[in-house]
Amino acid sequence: WDTYFGAEYTHGTPFRRAVEEGILDTEALSHVGTRGPLYGKKDLEDDRRFGFGIVTSSDVYYPGVREVVDKLRQRVGNRPVYLSIDIDVLDPAHAPGTGTPEAGGMTSRELLEILRGFRGLNLVGADVVEVAPACDHAEMTGV
């Protein structure tokens, strides 16, 4: 997003700020699992304009994990890969421990298979963000 509730620097704006600052290679960057509420159509239009690859949760479900992995591998090529997983990419049935649960997310099986599909890439780092244990009554998210 450009701003989130009027703020330029929030959990919803880092990729836009990084593009504006010229520190991301958007030819390789992809958002996987996109769904849910947006401020407006401009959000996705901006993503395309900036050059982000967009893979919706429906793209994972209908064509399937193998096709998604093939496209991601082609997009990344031999570049170093940093993987950031926002836990709310998963459906809250699989990871309820987030402050921003949204129905229609990927299953844990789909995410694990996408990760397994990255075998052999030049992975240089990774993180998992937005886990909120207080929202996770059964500790499923950590699993």
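**Figure 1. Glu-139 in the segment that follows strand β4 (122-129).** The model shown is predicted: local features require pLDDT of at least 70 and side-chain atom pairs pLDDT 80 or more, whereas totals for chains, interfaces and linings take in all residues. Residue numbers start from 1 along each chain as its sequence is written, and side-chain values rest on heavy atoms, without hydrogens and water. Helices (H or I, at least four residues) and strands (E, at least two) are DSSP runs, numbered from the N terminus. Glu-139 has a phi near 60°, a positive value in a residue other than glycine. Most residues other than glycine have a negative phi. With a relative accessibility of 63%, Glu-139 counts as exposed. Here exposed means over 50% relative accessible area, buried under 20%, and partly exposed in between (1.4 Å probe, protein chains only).

**Figure 2. Phe-5 in the segment before α1.** The backbone of Phe-5 also has a positive phi, near 50°, in a residue other than glycine. Phe-5 is classed as exposed, at 71% relative accessibility.

**Figure 3. The buried residues of helix α2 (residues 41-50).** Asp-43, Asp-46, Asp-47 and Phe-50 are the buried residues of this helix. Viewed down the axis of α2, these residues fall within an arc of 105°, so they line one face of the helix. The arc is that of the directions from the helix axis to the C-beta atoms. An α-helix has 3.6 residues a turn, so residues three or four places apart point the same way. The cover over the buried residues of α2 includes α1 (14-20), β1 and β2 (53-56). Such packing is judged by contact, that is, heavy atoms within 4.5 Å. Lys-41, Arg-48 and Arg-49, on the other side of α2, are exposed. After α2 comes Gly-51, with a positive phi near 95°.

**Figure 4. Thr-56 in strand β2.** Thr-56 is partly exposed, its relative accessible area being 24%. When residues up to four places away in sequence are not counted, Thr-56 touches Gly-33 and Thr-34. A separation of 85 residues in sequence lies between Thr-56 and Thr-141, and their C-alpha atoms are 21 Å apart in space.

**Figure 5. The buried residues of helix α5 (residues 108-117).** Glu-110, Leu-111 and Ile-114 are buried in this helix. They cover an arc of only 100° around the axis, which places them on the same side of α5. The elements against which the buried residues of α5 pack are β1 (30-34), α3 (57-61), α4 (65-76) and β3 (80-86).

**Figure 6. Thr-107, in the loop between β3 and α5, and Ser-108, in helix α5.** Thr-107 has a relative accessible area of 22% and is partly exposed. Ser-108 likewise counts as partly exposed, at 32% relative accessibility. Apart from neighbours within four places in sequence, Thr-107 is in contact with Leu-90 and His-94. Ser-108 touches Leu-90 and His-94, again without counting residues up to four places away in sequence. The C-alpha atoms of Thr-107 and Val-143 are separated by 13 Å, the two residues being 36 residues apart along the chain. Ser-108 and Met-140 are 32 residues apart in sequence, with a C-alpha to C-alpha distance of 11 Å.

Figure 7. From the N terminus on, the order of elements is α-β-α-β-α-α-β-α-β. The radius of gyration is 15 Å, close to the 15 Å from the globule rule for 143 residues, so the protein chain is as compact as a globular protein of that length. This radius is taken over C-alpha atoms, and the rule is 2.2 Å times the number of residues to the power 0.38. Along the principal axes, the C-alpha atoms fill a box of roughly 40 × 40 × 30 Å. Of the 143 residues, 36% are buried. Among contacts with a separation of 6 or more, 61% join residues 24 or more positions apart. The accessible surface is about 8900 Å², and carbon and sulfur atoms account for 55% of it; areas come from the Shrake-Rupley method with a 1.4 Å probe, and for residues only the protein chains shown count as cover. There are 15 positive and 23 negative side chains, with the centres of the two sets 7 Å apart. Lys and Arg count as positive and Asp and Glu as negative, while His and the chain ends are not counted; each charge is placed at NZ of Lys, CZ of Arg, CG of Asp or CD of Glu.
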